[in-house]
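Dear colleague,

Please find below the structure that I am handing over to you, together with its sequence. My notes on what was found in it follow directly after.

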Amino acid sequence: MAVLEYTIADFINRESWWRNRGLLVLNIYLILPLLSSVLNGLDSSILNGLQILPGWQEYFHQPQGKTLGLINSAQGIGALSGIPFSPYVSDLLGRRASMFIGAIIVLAGVFTQALCTTVQVFIGARVLIGLGIAFSINAAPVLISELSYPTHRGKLTALYNSMWYFGSIISAWICLVAYDRTGASQWSWRVPVFIQATVPVLQMMLIWFIPESPRFLAAKGLESQAARVLAQYHANGPKQCDHLVAFEMAQIRHALNVEREIASSPSYLTCFATPGNRRRMLIVISIAVFSQWSGNGLVSVYINIVLDGIGITTTRTKAIINGCLQVFNLASALLGTTLVDKWGRRKLFLTSNIGMLIVFSLWTIATALFEETRSTVAVKATVPLIFMFFFFYDFAYTPMIFSYTLEILPYNIRAKGLAIMNFSAYLFNTFNAFVNPWALDAIGWKYYLVYCGWLCLELVFVMLFIIETKGRTLEETAALFDGVRPRYTTERKESATFSRTPRNGPRTPRLEKDNTDNYFELHDSSSARSSAFGSPSHIELQEYSRVQNSVFRSHLETQSEESAITAVNHHHDIVF
């Protein structure tokens with residue numbers, strides 16, 4: 001008997017996405033959650049630009065030391081306060097509702113910051129903005145991951161964090177323009193702050209026009225609504241019995257059922273309940289720490305101090321370097337985004353870490369030479385080395401930190417796992433904000449040696465623990481961490497697969513109309529389940545889904561497009 005295997009590649013759209021109305025509309029809708037990353041980049045970078053401006057420095061009396069550290073870490077403190085609660089809001093009320101709540105809080109913080117008159121109120125406003133961003137950045141990438149078309153998911157989730165630099169570019173150049181127009185006036189810093197309100201206003205106005213996550217709807221028992229979303233935007237119409245929709249719904253339903261069996265607790269302890277989950281959390285937390293402790297924090301928060309340290313002191317020169325660096329960062333991140341599906345995740349991480357280690361070592365040498373000898377050659381070398389370092393950093397860590405995290409997490413811990421990643425990143429970013437200025441003042445270039453040693457440890461970790469996830473669905477990727485192989489396989493030229501029941505073979509499953517919110521229920525006999533599957537793993541779940549879909553493919557063609565589907569399979573319907 002010929003052995004056939006169906007995967008999601010058999011059902012995807014082959015034409016250009018912009019010629020498919022459903023995909024075109026969907027990708028336009030996904031711009032709105034992408035703006036959450038733009039907002040994060042705009043707000044996180046605004047202080048870098050403000051510190052360069054004489055108007056801001058004079059208005060707040062040249063903040064230094066602990067005061068400057070508190071100002072820079074205030075947003076992180078607010079985010080740390082909100083991140084533990086954000087996944088509960090996202091899982092309970094939905095991804096869109098969480099983004100809406102975050103936009104309201106951010107908007108309140110932006111207006112408070114723009115109108116403040118004391119450094120204490122400024123710090124409080126930064127905390128409030130961080131609290132709102134916590135809800136937005138937890139829900140937005142999850143919505144993109146769960147709503148995007150299967151072949152677009154890798155690029156879109158990688159693009160999400162890359163858009164951070166788009167916000168950073170706006171921040172850097174707006175500060176420069178405001179300085180050119182108003183000089184040392186207080187409006188040189190108030191105008192850039194007011195511009196931050198643009199993104200939360202857009203999200204508040206438009207968020208309810210985009211569809212909700214199909215996985216969230218299915219988890220709430222609204223499977224017919226989930227199928228309609230997938231049909232409208234993935235299948236370009238109301239065809240809920242489309243093969244791709246059937247395949248995706250089968251994966252979603254089985255994944256949810258098995259994950260509920262594995263871990264019924266909704267707490268954060270679920271993320272550490274199994275060996276597979278603990279391995280996921282080790283990777284998630286580690287790459288979050290690496291994203292903040294690779295040396296990038298020296299320039300992303302304290303570029304003013306770093307440029308002073310190599311003899312660049314004029315305001316306009318600093319602002320131009322900062323603006324050009326952000327444009328370069330975005331270009332580097334977009335390059336990495338385009339290579340995510342070509343090179344694969346592991347190769348990107350390895351290239352990034354090797355490049356960062358080499359370039360940062362040279363950067364350390366150049367900075368040391370300037371501090372010891374005041375060499376102008378060292379100054380000329382340091383600025384290009386900063387750009388080269390950020391090229392390698394942005395090449396992988398900017399596009400991949402959210403993308404890779406979402407890919408390796410199963411649905412039941414996806415929002416909480418992302419919250420843990422965000423919490424870890426903000427925690428160590430806040431630590432950096434306090435420690436970096438003190439360390440640079442105390443030991444100067446020798447502080448760079450700490451990062452050189454840390455980059456060596458990062459490279460070893462990536463070589464040992466980062467696995468490749470290219471070309472897999474979310475459910476297939478999550479299954480890699482469970483370490484269980486399917487019990488029944490059939491040889492097929494170097495691959496192990498399940499065989500498909502021929503059309504003229506044994507009795508086919510009957511198709512029945514089901515309840516409105518029970519779109520795709522799979523009923524199997526107890527004998528078939530116990531003999532073939534036992535206690536299902538994620539991998540067994542995926543292979544079972546493939547077998548089911550191969551049967552559906554031969555029969556859905558003859559069914560009405562308005563019919564919902566229930567497959568009733570018996571043990572003799574599946575041939576191993």
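Predicted model: local features only at pLDDT ≥ 70, side-chain atom pairs only at ≥ 80, totals over all residues.

Residues are numbered from 1 along each chain as its sequence is written, and side-chain values use heavy atoms, with hydrogens and water left out.

Aromatic pairs

The structure holds 35 aromatic pairs. Rings of Phe, Tyr and Trp (its six-membered ring) pair if their centres lie within 6.5 Å; planes under 30 degrees apart count as stacked, over 60 as edge-to-face and the rest as tilted. The rings of Tyr88 and Tyr268 are edge-to-face, because their planes stand at 75° with the centres 5.7 Å apart. Tyr88 belongs to helix H5 (residues 86-93) and Tyr268 to the loop between helix H14 (243-262) and helix H15 (275-292), so this pair ties together parts that are 180 residues apart in sequence. Helices here are DSSP runs (H or I, at least four residues), numbered from the N terminus. Tyr88 is partly exposed at 35% relative accessibility, and Tyr268 is partly exposed at 22%.
Tyr160 and Phe402 also form an edge-to-face pair, with 4.9 Å centre to centre and 75° between the planes. Since Tyr160 lies in helix H8 (residues 153-162) and Phe402 in helix H19, the pair ties together parts that are 242 residues apart in sequence.

Salt bridges

There are 11 salt bridges in the structure, each defined as a side-chain nitrogen of Lys or Arg within 4 Å of a carboxyl oxygen of Asp or Glu. In the bridge between Asp180 and Arg316, the closest N and O atoms are 2.7 Å apart. Asp180 is in helix H9 (residues 164-182) and Arg316 in helix H17 (residues 315-343), so the bridge ties together parts that are 136 residues apart in sequence. Asp180 is partly exposed at 45% relative accessibility, as is Arg316 at 41%.
Glu407 and Arg345 form a further salt bridge, with 2.4 Å between the closest N and O atoms. Glu407 sits in helix H19 and Arg345 in helix H18 (residues 345-373), so this bridge ties together parts that are 62 residues apart in sequence. Glu407 is buried at 7% relative accessible area, and Arg345 is buried at 3%. Salt bridges that share partners join Asp91, Arg95, Glu146, Arg414 and Lys416 into one network. Within it, Asp91 and Arg95 meet at 2.8 Å, N to O; Asp91 is buried at 19% and Arg95 at 0%.

Helix packing

The axes of helix H19 (residues 376-408) and helix H20 (residues 411-443) come within 9 Å and cross at roughly 145°. Axes are lines fitted to C-alpha atoms, for helices over the stretch in contact, and angles run from 0 to 180 degrees between N-to-C directions. The contact (heavy atoms within 4.5 Å) is made by Ile401, Phe402, Thr405 and Leu406 of H19 and by Arg414, Leu418, Met421 and Asn422 of H20.

With kind regards

Terms used
Helix = DSSP H or I, 4+ residues; strand = E, 2+ residues; numbered from the N terminus. Buried < 20%, exposed > 50% of the residue type's maximum accessible area, 1.4 Å probe, protein only.
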